[in-house]
Amino acid sequence: MNNIRSTLATVWRIAIPYFRSDDKWVARGLLAAVIAIELAVVFLNVLFNRWNNVFYNALQERNLDVFTYQIGYFSVLAAIFIALKVYQLYLNQWLQIRWRRWMTERYLGGWLAHANHYRMQLQGDAADNPDQRIAEDTQLFVDRTLSLGVGLLSSVVTLASFVVILWGLSDAAPLHLFGRDIPIPGYLVWAALVYAVIGTVLTHLIGKPLMGLNFQQQQFEADFRFNLVRARENAEQIALLHGEQVERLRLSTRFQRVVGNWLSIMSRTKKLTAFTASYSQASVIFPYILVAPAYFAEKVQLGGMMQTASAFSSVQDALSFFITAYRTLAEWQAGVARLDGFEQAIASAETLTAKADIVRVAPAGYGAIDLKDLQVNLPNGTPLVAADNFRFRGGERTLFTGPSGAGKSTLFRAIAGIWPFATGSVAIPAEATLMMLPQRPYFPVGSLQDAIAYPAEFSAFGAERIAEAVTAVGLPALVARLDEDAHWNRMLSLGEQQRLGVARALLHQPQYLFLDEATASLDEPSEAALYRLIENRLPATTIVSIGHRSTLQAFHQRGVALVKSGSGYTLAETV
């Protein structure tokens, strides 16, 4: 019971924001229309039930006029029923896509806001495979929530409507055993209730493991797909290392988890299906067995017997909602749990940001970045880099050196405001523009000019400026390909990517440019040429570089080394 309450509370928390959003009136209107149509369908089923009595009595009495009239009456009801079901499906799908669009935008915003996606990974990526949660789990949540919600409402209304009919039919067709009537008020209702309760309990006992198995299946499927994408993204390195056999074994191992869990689902589903199918087939004949003695004792006509069977079936179906929807419920609960975990991971990353908000805006006109009492730590709390009363002066070029693993790149991340495991403060001038160029720059899939202009639109610079920047960094052959769409991180060598990273900086002209071994894949003459280009094109930009080559010292006015101090490192001037 506690698990059900917890799941329903989670569903409410995930679902209700949409119906309070800017799209609330359309959402509420569509939901109301879907519900209204479902209620109308239940009313039609009541009319169909009454029709059974009249129609089959006409057959028994061989009354052609009543038979003909009832055929026409049925045709009208059937036409209305078909129209309602068609528009219910249409409006349901319309609501689904609007709801899913809103949830997708919300999750994308929460995931990508303020580098949350990065911080979620730093926490161990508890919400594994966010792509699946945003793309698949939202679709499953919306679809299953609507289908189960409307189905449950229909069952409740159907139960309320047909219990009254079935109770009355219990008097019209009393329980007849051993040649005499046994007066049990509403015996058909009690029989349906007992039948459904027994079926529900057995279904839950048989199918309960499916909930956990479905959750695991989604995890294993996502993990397998993620590793397939990684193999594709790193095809060159795998080929150079001749790692195909190892990759195949790794991927096969992950796929075996998919297969193994699926076999467990198959086994459990087979047992569940065997029971539910038997239960459903038995429910077809069960009401006739109950009413047949009264029929053969001529206590009730054929029409009354058929109406009783129809009403019993409706009541039994309503009471058996849990049985028929069990597998769907299991899939839905797994999806709800994954979305809940994703929301919690986003909230945790946002909390982490608030706790370590070390970046503050300095007064307008202030021309330097100041680090005060800054302590950068590893995620486990181990001290990494300490910096106190350190200033990056405007227009100055500074070279950072130190052993690998000392925390140079992590210090840059803290200054950029994306590393949450830090204390102290980083004061950045008001409205200052910072750009971080990593060793492996990111280029989105699309046209080359869009990739270079990222994160701005290429129209902010124009094709001519982009072409000139590409030529300036030594890649004139790429100018003819600026309109070409491709996966540029795979198409270009790392050296070419680093040249284009510099071209991006030339276009954006930031006030502070941090180069994290951003030219390390180039030969020394090419690296020197790019630094001279940056010096000439960006004379007012403050340059901060991380590098290991001694040749870089010629392009910087100041040197800072990370030196060992206790369990971490501190900054020490070298020039």
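User: What does a side-chain oxygen of Asp523 reach at the start of α18?

Analyst: At the start of α18, that oxygen of Asp523 comes to within 2.9 Å of the backbone nitrogen of Ser526. A polar contact is a pair of N or O atoms within 3.5 Å; within protein, one must be able to donate a hydrogen and the other to accept it, and residues adjacent in sequence count only if both atoms are side-chain atoms. Helices (H or I, at least four residues) and strands (E, at least two) are DSSP runs, numbered from the N terminus.

User: What kind of model is this, and how are residues numbered?

Analyst: This is a predicted model, in which local features need pLDDT of at least 70 and side-chain atom pairs count only at pLDDT 80 or more, while totals for chains, interfaces and linings use all residues. Residues are numbered from 1 along each chain as its sequence is written, and side-chain values use heavy atoms, with hydrogens and water left out.

User: What should α18 span, and how far apart are its ends?

Analyst: The 14 residues of α18 should span 20 Å at 1.5 Å a residue, and its end C-alpha atoms are 20 Å apart, which agrees. The expected span is 1.5 Å times one less than the number of residues.

User: Which residues of α18 are buried, and what covers them?

Analyst: Buried means under 20% relative accessible area, exposed over 50%, and partly exposed in between (1.4 Å probe, protein chains only). In α18 the buried residues are Ser526, Glu527, Ala528, Leu530, Tyr531, Leu533 and Ile534. Their cover includes α15 (463-472), α17 (494-508), β12 and β13.

User: Glu527 is on that list. What is its relative accessible area, and what does it touch?

Analyst: The relative accessible area of Glu527 is 3%, so Glu527 is buried. Not counting residues up to four places away in sequence, Glu527 touches Thr519, Ala520, Leu522, Arg549, Thr551 and Leu552; contact means heavy atoms within 4.5 Å.

User: Which unit includes α18 and β13?

Analyst: Together with β12, they make a right-handed β-α-β unit. Right-handed means that, with the strands pointing away from the viewer, the path from the first strand over the helix to the second runs clockwise.

User: How does β13 pair with β7 and β12?

Analyst: Two strands pair if DSSP finds at least two bridges between them. Strand β7 (residues 397-401) pairs with β13 in the parallel sense over four bridges, and Leu399 stands opposite Ser545. Strand β12 (residues 512-516) also runs parallel to β13, joined by five bridges, with Thr542 as the bridge partner of Tyr512.

User: Is β13 largely enclosed or open?

Analyst: Five of the five residues of β13 (residues 542-546) are buried, so the strand is largely enclosed by the rest of the structure. Thr542, Val544 and Ile546 point one way, and Ile543 and Ser545 the other.

User: Moving on: which residues touch the most other members of the largest nonpolar core?

Analyst: A nonpolar core is a set of buried Ala, Val, Leu, Ile, Met, Phe, Trp, Tyr and Cys residues joined through side-chain atoms within 4.5 Å. Of the 39 residues in the largest one, Ile452, Ile466, Val470, Val473, Leu500, Leu513 and Leu515 touch the most other members. The largest share of this core, six residues, comes from α17.

User: What is Leu515 in contact with?

Analyst: Leaving aside neighbours within four places in sequence, Leu515 is in contact with Phe412, Leu437, Tyr531, Ile534, Ile543, Val544, Ser545 and Ile546.
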